[in-house]
Amino acid sequence: MSPDLSSDATFSGLRLVLLLAPALILLFAALSIAPSCRDRAWRAAAWACGLVFVAVLASGVLLLATGPVVALGLRADAVGAVVALLVAFVGAVIVRFSRPYLGTERDAPGYVRSLLLTLAAVQIVVVTDHLLMLTLAWAGTSFALHRLLTFFSDRPAALLAAHKKFIVARGADACMSIACVLLYMAFGTLSITQLSAASMAASALPLSAHIAVLLIVLAVLLKTAQLPLHGWLIQVMEAPTPVSALLHAGVVNLGGFVLIRLYGLVGAVPAAMTLLVLVGTFTAVVAALVMTTRISIKVSLAWSTAAQMGFMLLQCGLGLWSMALLHLVAHSLYKAHAFLSTGRAVQHVLVRRLAPVPAVPSLAALLGAGVVALIALAMTAWALGSQPLAQPALWVMAGVFALAMVPMIRRGGSPWAGWLLPVLAAVVLAVVWSALHAATHGWVAPGALQPALPLWPIVAVAFVGLFVVQAVLLARPQGALSQALYPWCYGGLFLDEAFNRFAFRLLPAPERRQTAAAASGLVQPVPFS
């Protein structure tokens, strides 16, 4: 049985200090940095990140001892502790990586200051229980990050991408602000805990609350780079690599955290859950196909992030809140490592060229492995005493996870190593992933409402279709389907070009950026031929 999240009017001074300490430490360190002292700036950042890590750990220990508490507009619970620890760890790694990477740059102190301010704003988002404070801190994250994205101010493409992100982020901030007003009118409070409790207890929500929740979901879709408003995420690769790691491993993921924090409110609006599933599924499928056409490591990782964010959001739309949190943590750690290790990509390519090329399995083998994996997963679920039809959304996600690993099979060699072992590993990992969700659901989203609409068939059909298409492309890379899909996938369905025309009419970029954009084909794209 999960512990109740109760209010404590006598919020202990120690807990208050520990919750606010990470943001205050980072803010103080950022404001103390002088523009002309590079070494002092890096030392201040290192010490600040170390102290933040200690404070987050101490807060987690206190949480285990006393349980979750909400008071004074702050919230101490397991979800916040996990994400705070994740941000503290990733932030410390990025600061350490940044020093040799950017330590001699002329504006290194400004970089450090903006990095610490970004981390401070994220920490406020994590610990606040007030929707208006969350909105302001989330907007602050975007403003601080903007300075990092334009660090190389002599790169026109970087400036243009940052301008596009600025437009999208301000739209998201406007949605959140209007949602705050509507929710206060509907419930008379902006406490996230009270909003969730009132939503789950109400037989029907007022129209203003439905509109507010849809606006919150729209803000999340904007800030998590869901199609067709994804272009800024792909093009900010012109920023320094540590900034890309921070963006993809700690900032874009905040949209998922906001949904998990508001699970009681979002789950009570079927239209919001449906929107999350539809947009998340569309983005995950399209981005997964597009990333296979990219040669640039960082651009491919950017498309991967868009796909993973879509997958995380559709999990939220299916009511699998704890699975979405597990996905958030796993993706953050993976993507931080992926970006920070891109410098070794050339070495890895050279090593692979010297290694023998594995034979690609036939289409029948790939499709057969997928069918076997799904059958084995269903049989395993029955053997464990769980009926897949009783929890269809959970086991659809497990099936998607298993199918994603099937392409690891290879032709040749022993049947065990080439075929059976990858299928077995896919099934085992899918079951473990589902078990982790079941074990953590009680403390991530206690009392969460089940989605009113059965949305899981949409996800099942979409990802089975994606598996079949990818199997055909892998087995027949020069086939008719590959030739037909490649131009569209390489162009990202040309969705970003339409957004560019709309966005730059809405808020034109400075003249020199427009000139550079036109030269690069971003404002006036050259039609694919």
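Start in helix H6, where Asp-173 and Arg-170 sit three residues apart, which means about one helical turn separates them. Helices here are DSSP runs of H or I with at least four residues, strands are runs of E with at least two, and both are numbered from the N terminus. Asp-173 and Arg-170 form a salt bridge, with the closest N and O atoms 2.6 Å apart. By salt bridge I mean a side-chain nitrogen of Lys or Arg within 4 Å of a carboxyl oxygen of Asp or Glu. Both Asp-173 and Arg-170 are buried. Buried is under 20% relative accessible area, exposed is over 50%, and partly exposed is in between, with a 1.4 Å probe and protein chains only.

A word on the source. This is a predicted model: local features need pLDDT of at least 70, side-chain atom pairs count only at pLDDT 80 or more, and totals for chains, interfaces and linings use all residues. Residues are numbered from 1 along each chain as its sequence is written, and side-chain values use heavy atoms, leaving out hydrogens and water.

How many salt bridges does the structure hold? Seven. Take Asp-129 and Arg-75, whose side chains meet at 3.4 Å, N to O. This pair links distant parts of the chain, 54 residues apart. Asp-129 is in the loop between helix H4 (108-127) and helix H5 (131-149), and Arg-75 is in strand S3 (residues 74-76). Both Asp-129 and Arg-75 are buried.

Next, Arg-261 and Asp-77. Their salt bridge has its closest N and O atoms 2.7 Å apart. Arg-261 lies in helix H11 (residues 254-261) and Asp-77 in the loop between S3 and helix H3 (78-102), so the pair ties together parts 184 residues apart in sequence. Arg-261 is buried, at 2% relative accessible area. Asp-77 is buried too, at 9%.

Now the helix, H22. The 12 residues of H22 (residues 495-506) should span 16 Å, and the end C-alpha atoms are 17 Å apart, which agrees. The expected span is 1.5 Å times one less than the number of residues.

Which residues of H22 are buried? Asp-496, Phe-499, Asn-500, Ala-503 and Phe-504. Down the axis of H22, these buried residues fall within an arc of 115 degrees, so they line one face of the helix. That arc is taken from the directions from the helix axis to the C-beta atoms. The face of H22 turned away from the buried side carries exposed Phe-502 and Arg-505.
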